[in-house]
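This report concerns charged side-chain pairs, sheet architecture and nonpolar packing in a single model. The structure is shown first, and the discussion follows.

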Amino acid sequence: MASCLALAACGDTQDPSAAEVAAEDAKPIGSYTVDPETGEVRAMHTDGDGTRTTLAAGRTVDPVLPAPFVLPPGATIESVTRVEQGDGRLVTIVFTSELDRNALAEFYRGLAGEAGFSVTSDIPGESALVLAGGDVDDGTTFAATIRASDGGSEAELTVSAGIG
């Protein structure tokens, strides 16, 4: 009986089919690094269909905001998270500004309005002011949370273009 099992096991060593080889080649791959000096994190992932997604996060990451968004003059970046997937990009920036809370909100209302974005949320809360909106034609969206701080404001701005 043992010899029958051994012979049966030998018969199972066939070459992989083309479909099995293709499935193995399509497995997601990725990597990440952390810069020991700056703490900046970079990651890359390629999924099974070949779509590549990259992430960069840290204080020194170039924000590369989707148009028309920019930081106000004199802003100081606290942190940046940037995700790119194909032609799409999502960026979140935490920053401080010398502009007070209302002036910074007006800065972003103006940018959005000039670019034809609709502002879908404009909530002047007690602890923070929230603005959000988008461009229906190209799918770009933005959200800003702005808090008053000594000498100006603190804000978190997220802009997404081409990432669902």
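Glu 84 is partly exposed, with a relative accessible area of 26%, whereas Arg 82 is buried at 13%. These classes are defined by relative accessible area: buried is under 20%, exposed is over 50%, and partly exposed lies in between (1.4 Å probe, protein chains only). The model is predicted, so local features require a pLDDT of at least 70 and side-chain atom pairs count only at pLDDT 80 or more, while totals for chains, interfaces and linings use all residues. Residues are numbered from 1 along each chain as its sequence is written, and side-chain values use heavy atoms, with hydrogens and water left out.

The side chains of Arg 82 and Glu 84 form a salt bridge with an N to O distance of 3.4 Å. A salt bridge here is a side-chain nitrogen of Lys or Arg within 4 Å of a carboxyl oxygen of Asp or Glu. Arg 82 and Glu 84 belong, together with Arg 89, to a network of salt bridges.

## Further salt bridges

By this rule, the count is 6 salt bridges. One of them joins Glu 78 to Arg 59, with the closest N and O atoms 2.9 Å apart. Glu 78 lies in strand β4 (residues 76-85) and Arg 59 in the loop between β3 (52-58) and β4, so this pair ties together parts that are 19 residues apart in sequence. Helices (H or I, at least four residues) and strands (E, at least two) are DSSP runs, numbered from the N terminus. Glu 78 is partly exposed at 31% relative accessible area, and Arg 59 is exposed at 51%.

Another salt bridge links Glu 106 and Arg 109, at 3.2 Å from N to O. Both residues lie in helix α3 (residues 101-114), 3 residues apart, which is about one turn of the helix. Glu 106 is partly exposed, with a relative accessible area of 46%; Arg 109 is also partly exposed, at 24%.

## Sheet architecture

An open sheet of 9 strands runs in the order β1-β2-β3-β4-β5-β9-β8-β7-β6, with antiparallel pairing; strands pair if DSSP finds at least two bridges between them. The edge strands, β1 (29-34) and β6 (118-124), each pair on one side only. Neighbouring strands are turned by 10 degrees against each other on average, direction ignored. Angles run from 0 to 180 degrees between N-to-C directions of axes, which are lines fitted to C-alpha atoms, for helices over the stretch in contact.

Strand β2 (residues 41-46) pairs with β3 in the antiparallel sense over 6 bridges, and Val 41 stands opposite Ala 57 in β3. Helix α3 lies across β5 (88-97), β6, β7 (129-134), β8 (141-149) and β9 (152-161), at about 5 degrees to β7. Contact means heavy atoms within 4.5 Å.

## Nonpolar core

The largest nonpolar core has 22 residues, and those touching the most other members are Leu 65, Phe 69, Phe 95, Tyr 108, Leu 131, Phe 142 and Leu 157. Such a core is a set of buried Ala, Val, Leu, Ile, Met, Phe, Trp, Tyr and Cys residues joined through side-chain atoms within 4.5 Å. Two or more residues each come from β5, α3, β7, β8 and β9, and the largest share, 5 residues, comes from α3.

Asp 135 is located in the loop between β7 and β8. Asp 135 is buried yet has no salt bridge, and the nearest side chain of opposite charge, Arg 89, is 14 Å away. Leaving aside residues up to four places away in sequence, Asp 135 touches Ala 115, Phe 117 and Thr 140.

Definitions and conventions. Lys, Arg positive; Asp, Glu negative; His and termini not counted.
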